[in-house]
Amino acid sequence: MRIAVTGSIATDHLMTFPGRFADQLVADQLHTVSLSFLVDTLDVRRGGVAPNICFGMGVLGLRPVLVGAAGSDFAEYRAWLDRHGVDTASVRISEVLHTARFVCTTDTDHNQIASFYTGAMSEARQIELQPVADRVGGLDLVLIGADDPEAMVRHTEECRTRGIPFAADPSQQLARMDGDDIRVLIEGASYLFTNEYEKALVETKTGWTSEEILGKVGTRVTTLGSQGVRIERAGEEPILVGCAQEEAKVDPTGVGDAFRAGFLSGLSWGLTLERAAQVGCMLATLVIETLGTQEYELRRGHFMERFAKAYGSEAAADVQGHLA
């Protein structure tokens, strides 16, 4: 399968302040706050939902097509993704804006002061998918992830108009979108990805019941945190897949993106929905054991050993021949 992944491209700049924000705030002067915190550490991490998903697919041996907007400062990030099997030729580079950036400072009480600069992400609405499809010889599936909201709507409508199967994955953008836009994003989707809270939010904002949504999408995939994932299709019994046992809980950031990467890879290999979800859960386990969304390594033998332990030898045999 030729799979394109659209969504935000960003970097995270994470800093640590060795004190308490509360000690620096004067109660009767909060209307004129002007503070500067001397931080001890700066950790710059690669992020954005689309690169996170593409990275996971790349380490599994696929060549996903990354579609999104970045700035001229994207060169180093692009080289990293290229080395890990991602096709970055369809990334739009802004002539005036930097790549989106999340800047966050955390104090010793784990309070945070953060800003998100959308930057070049706002230009994603100018991207047309047909030239992408023409360049790679057609697209079998487009995952439409959290991005500039206008871009998400445009990509969805283009997929629908051109008959390109698409997966709806609105995630954090659900909070700022209204019911009409959410209906546009999900109706006719081959796959709908949400977590359990987002599932309820979709139903509340659209006014559609769970059964009605199942009638409007091909497959509904709901991640359940430590309980794994539930897969539903109209008229069929739900499929429940549990998580593989993690060796440590280091950082949950990017776990959902890794699941999607594994699940889409399983679909590309022609596996069943259950097997694809198992691959997704196993890859997500590697991410939760690692600091950073793209810092994990996939060692084939180790991956398959843990996969067999979690899901059985028959499941491992189905997957092993596909794993690069």
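**View 1. Parallel pairing of β2 and β7.** Strand β2 (10-16) is joined to strand β7 (residues 100-106) by seven bridges, and the two run parallel. Within this pair, D12 lies opposite F102 of β7. Strands are DSSP runs of E with at least two residues, helices are runs of H or I with at least four, and both are numbered from the N terminus; two strands pair if DSSP finds at least two bridges between them. The model is predicted: local features need pLDDT of at least 70, side-chain atom pairs count only at pLDDT 80 or more, and totals for chains, interfaces and linings use all residues. Residues are numbered from 1 along each chain as its sequence is written, and side-chain values use heavy atoms, with hydrogens and water left out.

**View 2. The hairpin of β7 and β8.** Six bridges connect β7 with the antiparallel strand β8 (residues 112-117), where I113 is the bridge partner of T105. Five residues separate the two strands of this hairpin, and H110 in the turn has a positive phi of about 70°.

**View 3. The open sheet.** Eight strands in the order β4-β1-β9-β10-β11-β12-β13-β14 form an open sheet of mixed pairing. β4 (65-67) and β14 (239-241) are at the edges with a single partner strand each, so one side of each has no neighbour in the sheet.

**View 4. Pairing of β12 and β13.** Strands β12 (residues 219-223) and β13 (residues 229-232) run antiparallel and are joined by four bridges. T223 stands opposite V229 of β13.
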